[in-house]
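Hello,

Here is the structure I promised to pass on to you. Please have a look at it first, and then read on for what turned up in it.

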Amino acid sequence: MSSTWAILHSPACTAIWEVRVHEAPLWRYWGPRLPDGVVPPAPLRHERPEPSFSLHHDVPLSLFPGVGMGWFGAPALAAHRAGLDWTHAATRCSIETLAQDTLRFELIDAVADLAIAITARLDPESDVLTLSTTLTNTGKAVLDVSWLASACLPLPPEAHSVLSYTGRHNSEFVGVEDTLSRSGWRRENRRGLTSHDSFPGALVQCADGTAYGAQLAWSGNHIQSIDWLDDGRRQWLLGEGLAPGELRLNPGDSITTPEVLATVSAQGMDGVSQAFHRAIRTRILWPGGAMSPRKVHLNTWEGFYFDHDLDALKELADAAADLGIERFVLDDGWFAGRDDDTSSLGDWWPDPVKYPQGLAPLAHHVTGLGMEFGLWVEPEMVNPDSGLYRAHPEWALHVDGRPLLTARNQLVLDMSLPQVRTYLFGAIALLLRELPIAYLKWDHNRDLTHAGNRASYRAQVLGTYELMAWLRAAFPAVEIESCAGGGGRIDAGIVAQSHRFWTSDCIDAVSRVSIQRGFLRFMPPELMGSHVGACPAHSTGRMQAMDFRSGVALPGHFGVELDVRQLDQADREELAEAIARYKRLRGQFHQGHVWQGEAGDHVLWQAHGGWHDLLLHVTRTAPTSWRHAPHLRLPMLDPAQTYRVEPEQGEAREIAGSWLIRSGLPLPPMKGEAVLIYRLTAV
Ligand code: GLA
């Protein structure tokens, strides 16, 4: 039987499949770009004689590995019909070219009565391969599905370690590097939303410096696994995590998985991050069609918590406007009866005691000062102590006979119910119609537990996406921030409905350094909410100088989260300068590439921009133990260029690119916690 090749190229990547009529396409290559016209020298099975004690029919890694028919690795599908039809292997394969960069593989399993369509797009702009899978039950009985991978990716034998991220509230993006071995690697999230403790993606490093990355565009449960294969390669599976009974397909029904964004770079992890940033940027739907400069925020949370007083908030707005702040976000505490976190979620109208004339006086005061007005909501939640719960206890996710499990005193609404979405749309739309609200901070402050008599984690995510899309269609000028107890819902799925992530409730600037560096591995800096907090930091009690706090927040989407009325004169002036500096530099921080590096001695750097014009952001997180400061080696620069290196203070000088690459930029002494910014331009 003859093989043909299915090939996708982007400027930096190539994917090649061996396509045969009676099986799923075999993975032959995914890696750095191969020249046009290069194809495997022979069909795979011609190159590998039958090993001892093995099946006569060799089943190599395919795009859709099956079960029971000779594939002994992890399958892409686990499904059955009342215990039958549990073996899976494609019996027919055809390919459709949907566009120059997009293929659709149509697989039929004529024995198990399944149709599987896998769409693969290798985007020439981003170098990101986007994969998703559609499964159709073509049989006559219900198909129970317990696992359906979004994508099965090959990793080369040189892959030696995987960097993934764990964490918790106040400590997001804790990097975990695991050595890949012949034992399996697996990360799983069962918290019902993206989660703090298992970001849905990872980066894989190879001995030759090549790096691979993948992330699942999904805001719910997920699984990813990497397993060693008999030919030395590894398979990387990513997909949604399904609870028992959660996915049952009736005859004729289909399900399409969330997408996986995957990429490979010969430039290592920075190359992977840059490709992700390009891809994520194309997924954001900005009001007006293009990103506007990311406005400086004032968020009321840590300055005021639930203690809302109209006059004090107006004074805060005055002080914020004086500092150059551009958007005032009224956080939790504004709605009916919300004096602490024990009540009122669900009752989305202004508290009549705190706001006797509603929010209009404050909102108009804010807009009158030239700032935008933003509002915090947590639509998917309800407190048992709320009007909404008293009217509709059945709207909260529950399992009959089991106790309700609260977290932060709240329950989760069943977003799969149209009446819930209609209620929430109505309540939020009323606010958006009546008030000059340009921005919603959309929170989700607990994990899901027993999500419905029939498990409905998946329906929960889809219901939320639907509500967000409905609101966005009705109010296209309103931006949305995705928040979940800080960074519990940061993923490429919700990016289609949002414009900013609240990266972490921890605003301690030292803690923020590693959190933000982890974030930037997957997401671009303009989406990274980063605020200047109070001193001492509320989350840690540590004290940090204003210039350090503002320096750490600078490259992201900058904001202020403290009662600026209380600042002493020196801090107020420094903060005003920091805001002006952010406005000067945000255009450059928020476009182009990001590179990250470490110089040793607690000195870390990141650079934003292009190869010939970039901003270098250098952070020291602890006092030195060296007599002389380390030099920063900047491997991404162009060795053929000479660079003008301009510190914010002091003399600019010209240094050869090759010197900066090999020997490095000498640094001045820095305080124990400090940030320096340089501009580097090729002359
Ligand atoms: C979460 C968010 C905070 C704040 C509070 C309000 O913790 O991450 O920024 O909005 O909720 O309750």
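**Helix pairs**

Helices α6 and α7 are roughly parallel to each other, because the angle between them falls under 35 degrees. Please keep in mind that this is a predicted model. Helix α6 covers residues 418-434 and helix α7 residues 457-474; the two pack at an angle of about 30°, with their axes 10 Å apart. Their crossing is right-handed. On the α6 side the contact is made by R421, T422, L424, F425, I428, A429 and L432, and on the α7 side by G463, E466, L467, W470, L471 and A474. By type, the residues of this contact divide into 9 nonpolar, 2 polar and 2 charged.

A second pair to look at is helix α3 (residues 310-323) with helix α4 (residues 360-368). Their axes come within 10 Å and cross at roughly 10°, so α3 and α4 are also roughly parallel to each other. The crossing of α3 and α4 is right-handed. Here L310, L313, K314, A317 and D318 of α3 meet P361, L362, H365 and V366 of α4. The residues of this contact divide into 6 nonpolar, 1 polar and 2 charged.

Strands β28 (residues 528-533) and β29 (residues 557-561) run parallel and are joined by 5 bridges.

Is α9 mostly enclosed or open? In α9, 7 of the 8 residues are buried, so the helix is largely enclosed by the rest of the structure. Those buried residues are M546, F548, R549, S550, G551, V552 and A553. The cover over them includes α8 (509-520), β28, β29, α10 (569-589), β32 (613-620) and β37 (674-682).

**Strand β13 and its partners**

Strand β13 (residues 201-206) has 5 of its 6 residues buried, so this strand too is largely enclosed by the rest of the structure. Which strands does β13 pair with? One is β10 (residues 159-168), which runs antiparallel to β13 and is joined to it by 4 bridges. Within that pairing, V162 has V204 in β13 as its bridge partner. Another is β14 (residues 211-216), also antiparallel, with 5 bridges to β13. There, Q205 is partnered by A211 in β14. The hairpin of β13 and β14 has 4 residues between the strands, and G209 in this hairpin takes a positive phi near 95°.

Finally, take a look at M291, in the loop between α1 (268-283) and β20 (297-299). M291 is partly exposed, with a relative accessible area of 31%. Leaving aside residues up to four places away in sequence, M291 touches W286, E526 and H590. The C-alpha atoms of M291 and A534 are separated by 29 Å, and these two residues are 243 residues apart along the chain.

Enjoy exploring it, and do write back with any questions.

Best wishes

Notes. Residues are numbered from 1 along each chain as its sequence is written. This is a predicted model: local features need pLDDT of at least 70, side-chain atom pairs count only at pLDDT 80 or more; totals for chains, interfaces and linings use all residues. Side-chain values use heavy atoms; hydrogens and water are left out. Axes are lines fitted to C-alpha atoms, for helices over the stretch in contact, and angles run from 0 to 180 degrees between N-to-C directions. Angles under 35 degrees count as roughly parallel, over 145 as roughly antiparallel, 65 to 115 as roughly perpendicular and the rest as oblique. A crossing is left-handed if the near helix is turned anticlockwise from the far one by less than a right angle, and right-handed if clockwise. Contact means heavy atoms within 4.5 Å. Ala, Val, Leu, Ile, Met, Phe, Trp, Tyr, Cys and Pro count as nonpolar, Asp, Glu, Lys and Arg as charged, and the others, Gly among them, as polar. Two strands pair if DSSP finds at least two bridges between them. Buried means under 20% relative accessible area, exposed over 50%, partly exposed in between (1.4 Å probe, protein chains only).
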